[in-house]
Amino acid sequence: MRTQVGIIGAGPAGLTLAMLLHRDGIDCVVLEARDRTYVENRVRAGLLEQNTVDLMRELGVGERLDREGLEHDGIYLRAYGRNHYIDLAGLTGRHITIYGQQEVIKDLTNALIEKVPIHFEAADVALHDIKSDNPRITYQHDSQAHELTCDAIAGCDGFHGVSRRTIENHITEYDYTYPFGWLGILAEAKPATDELIYAWNERGFALYTMRSQKISRLYLQVPADEDIANWPDDRIWAELGERLGEVNEGNIYEKGITPMRSYVAEPMQHGRLFLAGDSAHIVPPTGAKGLNLAVNDVRLLAPALTELIRGGRTDRADGYTAAALRRVWRAQDFSNYMTRMLHDLGAGPFQQQLQLARLDYIARSEAAAHSLAENYVGLPAEPDFQLPWPRSRTRRASTSSATACSPISSPTAGGVGATPG
Ligand code: RFL
Ligand code: PHB
């Protein structure tokens with residue numbers, strides 16, 4: 001079988017790329033390891049930046065999002081029982097929208113299914129000849145062996161996929177693991193707040209978010225190696241109450257613990273393999289950036305692939321890593337900054353006082369609030385590939401969590417001490 005672009009992974013990156021390429025008249029095939037029901041029900045992100053919402057509308061998949069998505073004008077930062085409002089819309093003129101990632105996936109899949117082949121339950125996916133002009137993908141589907149010859153391959157297969165592993169000898173990895181994770185729940189309960197609440201608390205961070213007027217999504221900071229069995233529902237509600245104040249309780253129908261990690265692979269391209277989304281980078285969810293970065297990657301990748309395939313021009317393809325990483329590192333810095341400002345770092349009272357000083361600064365300075373706000377809603381999409389200066393790669397980039405998490409403001413490797421803007 002032959003196609004122009006073989007896309008591995010039917011997550012937000014892979015499906016959005018398929019929509020963009022199809023719109024540009026480029027053939028593609030999507031290969032997904034899991035079945036459709038699993039992919040459409042996997043609970044993950046919820047917060048979409050304005051850029052992401054605008055792109056979904058542009059691609060003709062914004063109708064249900066506009067109907068059911070919850071547009072928000074601001075967020076609360078909470079400490080010592082008091083909420084401070086950050087007027088995102090007033091400060092930036094832009095909004096964020098709450099709409100579950102699985103709903104985005106359903107909308108994209110429904111729009112694509114008649115247009116682009118999506119092979120769910122594709123097993124043993126392997127990449128070959130990626131340095132040639134005709135890279136190949138082999139896989140098993142319906143108990144048969146298949147081979148797909150392409151002009152280019154897009155590795156959109158998430159953090160644990162096969163694509164990045166295929167080029168692991170050619171990339172520099174920047175890696176940072178936090179010593180805590182998030183316990184997340186979905187509950188049948190009307191949210192007790194109009195906007196999201198990011199709560200600093202001596203017992204640890206908590207986040208109040210939602211999916212609808214009837215469904216609450218809540219998160220608690222827990223140790224990285226925490227066992228979910230230690231958290232019966234009563235304990236979760238009690239702890240949420242301690243950290244967030246007023247919380248409406250209801251039936252918990254989904255519960256899980258997510259580790260927190262920052263990771264970047266550079267470059268995001270080798271030969272004719274291009275990585276996009278979580279396959280190339282992940283961020284801790286405190287800045288709500290992962291899905292939005294995945295969508296931004298493919299916004300840049302689609303025209304690069306179209307030019308490469310149509311006209312044999314490689315300048316956009318060659319510039320893909322630099323263009324994508326510009327936003328990725330901005331998001332890494334912001335996610336790290338939010339994480340370190342709001343979580344119990346286990347680093348003692350001095351660090352706690354620095355956190356409170358930062359929160360206080362945001363509360364009293366419009367410049368500080370504005371910087372947080374423009375990062376949170378997402379900077380406007382880049383108009384072109386122009387960078388103010390070239391990027392350079394650092395060798396030996398990994399940092400362990402133990403040392404990297406203690407000081408809040410020393411500007412060493414591993415992303416510590418970051419501030420937005
Ligand atoms: P995905 O979504 O992981 O999709 C990759 C797809 O590839 C498939 N796959 C393979 N297919 C074929 N062959 C293989 N060998 C394969 N290996 C894997 C997988 O089955 C899957 O379908 O990556 P993508 O598209 O890059 O999208 C990234 C986002 O999913 C992720 O960044 C976000 O969920 C992160 N995230 C958030 N991002 C936001 O922008 N806003 C948020 O509010 C937000 N909240 C969150 C989050 C992630 C969380 N968790 C659970 C990690 C909250 C949480 C708790
Ligand atoms: C979510 O709604 O799931 C959500 C919102 C904001 C975050 C992370 C997750 O920072």
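The following conversation goes through several descriptions of this predicted model and the reasoning behind them.

Visitor: What makes helix H9 roughly antiparallel to helix H10?

Guide: Helix H9, residues 290-311, and helix H10, residues 315-342, pack at an angle of about 170°. Angles over 145 degrees count as roughly antiparallel, so H9 is described as roughly antiparallel to H10. The axes of H9 and H10 are 9 Å apart.

Visitor: Which residues of H9 and H10 meet?

Guide: On the H9 side they include Leu-293, Asn-296, Leu-300 and Ala-304. On the H10 side they include Tyr-320, Ala-323, Arg-327 and Ala-331. By class, the residues of this contact divide into 12 nonpolar, one polar and four charged.

Visitor: Why is Ala-323 called buried?

Guide: Ala-323, which is found in helix H10, has 23 other C-beta atoms within 10 Å. A residue counts as buried if 20 or more other C-beta atoms lie within 10 Å of its own, and therefore Ala-323 is buried.

Visitor: Why is helix H1 said to be largely enclosed by the rest of the structure?

Guide: Of the 12 residues of H1, 10 are buried, so H1 is largely enclosed. Among the buried residues are Pro-12, Leu-15, Leu-17, Met-19 and Leu-21. The buried residues of H1 pack against strand E1, strand E2, helix H6, strand E12 and H9.

Visitor: What covers the buried residues of helix H6?

Guide: The cover includes H1, helix H2, helix H4 and strand E8. The buried residues of H6 are Val-104, Ile-105, Asp-107, Leu-108, Thr-109 and Leu-112. H6 has 12 residues and reaches 16 Å, close to the 16 Å expected.

Visitor: Which residue classes make up the shell around ligand 1?

Guide: The shell has 18 nonpolar, 12 polar and six charged residues. In total, 36 residues surround ligand 1, and the closest are Gly-9, Gly-11, Gly-158, Gly-277 and Gly-290. H1, strand E13 and H9 each supply at least two residues of this shell. The largest share, four residues, comes from H9.

Visitor: Which residues surround ligand 2?

Guide: Ligand 2 is surrounded by Ala-45, Gly-46, Leu-47, Ile-98, Leu-196, Thr-209, Arg-217, Pro-285, Thr-286 and Ala-288. These residues divide into six nonpolar, three polar and one charged.

Visitor: Is Leu-31 buried or exposed, and how do you know?

Guide: Leu-31 has 26 other C-beta atoms within 10 Å. The cut-off for a buried residue is 20 or more, so Leu-31 is buried. Leu-31 is found in strand E2. Leaving aside residues up to four places away in sequence, Leu-31 touches Gly-6, Ile-8, His-119, Ala-122, Val-125, Ile-137 and Tyr-139. Leu-31 and Val-125 are 94 residues apart along the chain, and their C-alpha atoms are separated by 8.2 Å.

Visitor: Why does Asp-129 count as partly exposed, and Asp-142 as exposed?

Guide: Asp-129 has 15 C-beta neighbours inside 10 Å. A residue with 12 or fewer is exposed and one with 20 or more is buried, so Asp-129 falls in between and counts as partly exposed. Asp-142 has 8 other C-beta atoms within 10 Å, and therefore is exposed. Asp-129 is found in the loop between strand E9 and strand E10, and Asp-142 lies in the loop between E10 and strand E11.

Visitor: What is the phi of Asp-129, and what is the phi of Asp-142?

Guide: Asp-129 has a positive phi of about 55° although it is not a glycine. Asp-142 has a positive phi of about 50°, and it is not a glycine either. Most residues other than glycine have a negative phi.

Visitor: What kind of peptide bond joins Glu-266 and Pro-267?

Guide: A cis peptide bond joins them, with omega about 0°. Pro-267 is placed in the loop between strand E17 and strand E18. Most peptide bonds are trans.

How values were computed: Residues are numbered from 1 along each chain as its sequence is written. Chains are lettered from A and ligands numbered from 1 in the order in which they are written. This is a predicted model: local features need pLDDT of at least 70, side-chain atom pairs count only at pLDDT 80 or more; totals for chains, interfaces and linings use all residues. Axes are lines fitted to C-alpha atoms, for helices over the stretch in contact, and angles run from 0 to 180 degrees between N-to-C directions. Angles under 35 degrees count as roughly parallel, over 145 as roughly antiparallel, 65 to 115 as roughly perpendicular and the rest as oblique. Two residues are in contact if their C-beta atoms, placed from the backbone, lie within 7 Å. Ala, Val, Leu, Ile, Met, Phe, Trp, Tyr, Cys and Pro count as nonpolar, Asp, Glu, Lys and Arg as charged, and the others, Gly among them, as polar. A residue is near a molecule or strand if its C-beta atom, placed from the backbone, lies within 6 Å of it. The expected span of a helix is 1.5 Å times one less than its number of residues.
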